[in-house]
Amino acid sequence: MGSYPRHTPEGAGSVTADQETPLSYRVEAEHGPVSLRYFAPPESLCAYFGSLYIFSVTSSGYADVTRADVPQLRFRLEGQGGNYIFQDGMVLSPPDVCLLGPTFGATRFELDQPARVLGTSLLPAGWVALYGDDASAMADSAFDMAACDADYGLLLQKLRSMEDADAMASLCWSFLGERIRPFADSTWRMLEAVDGWLMDEGSPRIETLVERTGLSARQLARLTNRYYGAPPKLLARKYRALRCSARIALDRESWQVLCEDGGFYDQSHFIREIKHFIGLTPQQLQNEPSAVAQLTLLRRSLGGDVAVINRMS
C-alpha cells in the first residue's frame, strides 16, 4: 500500500489511511473531512502522466492552498463555483474540465460547495500530448479543455454517471492513452536529463545540466520553457522547495539542517522559498500542515516503479 506518516503534527488533522482501499487517505480538517485517493498510471503512461486522483471535501466554504506543481487536468464531478487565486493575485473560476498550467508559486483555492474532483498530473510529455503549446505561456493559469475538444466534455458526462472509482480511473487512462504521441529519441533524452538533474542534486546547478546535455544555457532555457514552463533556474528553485517540504513534513527532518544542506543563503531565504512554493512556512509544515498539504505530499507513497519526479508530481 505504500508508506504514510505515522506521526500527526500537533494541531493538524489526523491522516487516516483506508486499509481496504490502497492509496486512499482522509484528513479530518477544521471544516469537515477531506479525502484523496491516488491511482498510479499504467506502465505505458508513466512517462506522460503522474498520479490520477479523486479529491473530495464534504463541507461548504472550504479553502486551502496547493503547492507549486506540474500541470493538472481536472474534471469536476460534483459541486459548483469556487476560485483559484494564483501567486500573482489573478483570480479564476475553474471550468468543469480544467487544464491548469504549471504553477510556480502556491495557489489558493476556494470552494463554495461540497465538491468532488477527478484529476491527473501531466508530466512534460503528457503536456505536449494533450495541449502541445509552450508550457510557459500557460504558467499559473488555466482554461476550459472541453472548449477546444468536445471529447473531454463527453468524458466528464461519463465520469459523472459512474460510481466505481477503479472503473473511472481505467476509463481515464484509456482516454489519455489514445492521445499520447511518439517523440524523437533526442527529446526523450533531454527530458530524462532534466528530470534526473532536478531530482539528483540538492540544489541543482545549471552548469551540471549544460554538461549533461551538451546544450547551451540559452538552448536549455528555450526547451525547458516549452516542456516544463520555466527556465532551469526557476525549475531548480521549485523542485528544491518540493523536496525540502516532503522531508520536513513526512521524514520529520529538521528544516534548519535542510537549510544548511540545500544551498540557501540563510534561514530567512529558506523560509521565503518554502512559503512561496508551498504556501506554508517550514514551521507550519512541521507542526500545522493544512489538509491538502498533507494529502498532496502522500503522492510519494505511490512508490514502486514510479519515477521520483512522477511521485513529486
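Which element gives the largest share of the lining of the largest cavity? Here are some notes on that and a few other features.

1. Ground rules. This is a predicted model, in which local features need pLDDT of at least 70, side-chain atom pairs count only at pLDDT 80 or more, and totals for chains, interfaces and linings use all residues. Residues are numbered from 1 along each chain as its sequence is written, and side-chain values use heavy atoms, with hydrogens and water left out.

2. The largest cavity. The answer to the opening question is β10, with four residues (strands are DSSP runs of E, at least two residues, and helices runs of H or I, at least four, numbered from the N terminus). The volume of this cavity is about 570 Å³. Its lining counts 35 residues, and Phe-55, Thr-66, Arg-74, Tyr-84 and Phe-109 lie nearest its centre. Elements that give two or more residues to this lining include β4 (49-57), β10 (107-111) and α12 (291-297).

3. How cavities are defined. On a 1 Å grid over the protein atoms alone, a cavity is a set of points where a 1.4 Å probe fits but cannot get out, and lining residues have an atom within 4 Å of a point. Grid points are joined across faces, edges and corners, and a volume is the space filled by probe spheres set on the points.

4. The second largest cavity. Its volume is about 120 Å³. Among the 16 lining residues, Val-70, Pro-71, Pro-124, Tyr-228 and Tyr-239 are the closest to the centre. Helix α8 provides the largest share of this lining, three residues.

5. Helix α8 against α10. The axes of α8 and α10 (residues 267-278) come within 9 Å and cross at roughly 95°, which makes the two helices roughly perpendicular (65 to 115 degrees). Axes here are lines fitted to C-alpha atoms over the stretch in contact, with angles from 0 to 180 degrees between N-to-C directions. Leu-234, Leu-242 and Ile-248 are among the α8 residues of this contact, and Phe-270, Ile-274 and Phe-277 among those of α10 (contact means heavy atoms within 4.5 Å).

6. Two positive phi values. Asp-140, in the loop between α1 (124-130) and β12 (142-144), has phi near 50° and counts as buried at 10% relative accessibility. Arg-252 has phi near 60°, lies in the loop between α8 (232-249) and α9 (255-261), and counts as partly exposed at 31%. Buried means under 20% relative accessible area, exposed over 50%, and partly exposed in between, with a 1.4 Å probe and protein chains only.

Notes
Parallel < 35°, antiparallel > 145°, perpendicular 65-115°, else oblique. 1 Å grid on protein atoms, 1.4 Å probe; cavity = no way out; pocket = protein on both sides within 12 Å on 5 of 7 lines; lining within 4 Å.
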